[in-house]
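Biologist: I have a chain open here and would like to go through its side chains. Can we take it topic by topic?

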Amino acid sequence: MTTTLTPRAERFFLLTLAGIQFSHVLDFMIMMPLGPILMQFFAIDTHEFGLLVASYSFSAAVSGILAATFVDLFERKRVLLACFALFGLATLACGLAPSFATLLVARGLAGVFGGIMGALIHTMIGDAIPFSRRARASGVVSSAFSLSTIAGVPLSLWLANHLGWRAPFVLIAVLSVLFIVVGVRFLPELRHHLGDEKRAHLLSATFSVLADANHLRALLFSALIIFSGFTIIPYITVYAVNNVGIAQGDIPIVYLVGGSATFVSARLIGHWADKYGKVEVYRRVALLATLPLLAVTHAGHLPLGIWLIFSTTFFVLTSGRMIPAMAVIASAAQPKLRGTFMSLNGTMQSLAMGLATTLAGFLTGLDSSGKIVGYPLVGYVAVAANLLAIWFAGRIVMHGRTPPAAQ
């Protein structure tokens, strides 16, 4: 059952979710381009940097399991804004961290609340937006990724270069306060999932989700997609600087160009998915994504222009897969269990991120000249996971689809 919103209310609803997602995505993404700066500042290697990135993901995985026990017991808006406020405080703690150990702990806390937020955002889309427009709605919210790369990452890097690495985290904390105010005003209350039926125990909804084979297929599908991207993503900036020869000062250009391209492509992919079939469009985009997965992990010393082609194609296609994929995943859930399912999905995605980042950290290393070695092998692992996900997509049953539409 979905909440009926007027076109104007739906537009503000999606834009507000996109703003919240922007803060969440920027907080996670900024770690990657800050990699060379943080590795130098704290005198850490690729393994420790991988742990720093993975701490966010593993904490988000744990919080997803905990959230699955209560998220369907409460009204969505209140839970989202409460988690957002705690997320803002944890991000501020990252900016104030005096050492690598304290930054590691603060990143873990940010992951706890960020993981719940990410699951709730897609849950609310599934609750409020009809199936026929769900991929397009996911495309609007996914534009937060594009905006974070167009504006957020370059601005954060500019602040880091001029005011220190702590400045981007303070900026995100300020943005969190701003979007909480907007959320109070424009997010509708969503309580249709609340009923008179009493749970036998806290884990009853979790067990109900896990007892459904379709849910399990969707969760595995989700994990494979994330794993294929996050073997590569955390180290892409370090590789670009150390191996490809891109100047640290040119990294904002990489994100600006890539983000601008995904800002356009995200909405197009969402539109195509609703029109031509979510699974079909996912498979085509994911198959094309195989090329940049290999290109960015095998590149040698390149001029900036050629690297921009590689990196922009990577941004467009790897993020573009997620738009139809998230519509498929959210639609796989039984509506009354969607919050619990999406929390567990957040756990699976975060666990996949953490495992992918950790594995890539062990597969790579720095040679005597400071270059990353082992990155091509990481690319092969990413391609294998991507191909498995493509095969899995057609095995998922989607709820809310109106026959005879073919997805």
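Modeller: What follows covers confidence, salt bridges, aromatic rings and cores, in that order. This is a predicted model, in which local features need pLDDT of at least 70 and side-chain atom pairs count only at pLDDT 80 or more, while totals for chains, interfaces and linings use all residues. Residues are numbered from 1 along each chain as its sequence is written, and side-chain values use heavy atoms, with hydrogens and water left out.

Biologist: What does the pLDDT average for the protein?

Modeller: The average is 85, and 93% of the residues score at least 70. pLDDT is the predictor's confidence in each residue, from 0 to 100.

Biologist: Where is the pLDDT below 50?

Modeller: Over residues 403–407. That stretch has 10 contacts in the model beyond near neighbours in sequence, a contact being heavy atoms within 4.5 Å. Where pLDDT is low, the predicted coordinates should not be read in detail.

Biologist: Salt bridges next. How many in the whole structure?

Modeller: A search finds 3. The criterion is a side-chain nitrogen of Lys or Arg within 4 Å of a carboxyl oxygen of Asp or Glu. One of them joins R107 and D27, at 3.1 Å from N to O.

Biologist: Where do R107 and D27 sit in the chain?

Modeller: R107 is in helix α5 (residues 100–128) and D27 in helix α1 (residues 7–29), so the bridge links distant parts of the chain, 80 residues apart. Helices here are DSSP runs (H or I, at least four residues), numbered from the N terminus.

Biologist: Are R107 and D27 buried or exposed?

Modeller: Both are buried. Buried means under 20% relative accessible area, exposed over 50%, and partly exposed in between, with a 1.4 Å probe and protein chains only. D27 comes out at 0%.

Biologist: What is D27 in contact with?

Modeller: Leaving aside neighbours within four places in sequence, D27 contacts Y56, F87, T91, R107, A110, F169 and I172.

Biologist: On to the rings. How many aromatic pairs?

Modeller: The structure holds 13. Rings of Phe, Tyr and Trp (its six-membered ring) pair if their centres lie within 6.5 Å; planes under 30 degrees apart count as stacked, over 60 as edge-to-face and the rest as tilted.

Biologist: Why is the pair F221 and Y282 edge-to-face?

Modeller: The planes of F221 and Y282 are at 80 degrees, so the pair falls in that class, with the ring centres 5.1 Å apart. F221 lies in helix α9 (residues 213–230) and Y282 in helix α12 (residues 278–298), so the pair ties together parts that are 61 residues apart in sequence. Both F221 and Y282 are buried.

Biologist: And W391 with F392, what is the geometry there?

Modeller: The ring centres of W391 and F392 are 5.4 Å apart and the planes are at 80 degrees, so this pair is edge-to-face. W391 is exposed, at 53% relative accessible area, whereas F392 is buried at 10%.

Biologist: Which residues do ring pairs link into a cluster?

Modeller: F41, F42, F100, W165 and F169.

Biologist: Which charges sit over rings?

Modeller: The cut-off is NZ of Lys or CZ of Arg within 6 Å of the ring centre and within 35 degrees of the ring normal. The charged end of R185 sits over the ring of F186, 4.7 Å from its centre. R395 lies over the face of F392, at 5.5 Å from the ring centre.

Biologist: Last topic, the cores. How many residues in the largest nonpolar one?

Modeller: It has 126 residues, and those with the most contacts inside it are F13, L17, L80, F221, Y282 and W307. The largest share, 13 residues, comes from α5. A nonpolar core is a set of buried Ala, Val, Leu, Ile, Met, Phe, Trp, Tyr and Cys residues joined through side-chain atoms within 4.5 Å.

Biologist: Which residues does the second core include?

Modeller: This separate core of 11 residues includes A135, A266, V281 and V285.

How values were computed
Helix = DSSP H or I, 4+ residues; strand = E, 2+ residues; numbered from the N terminus.
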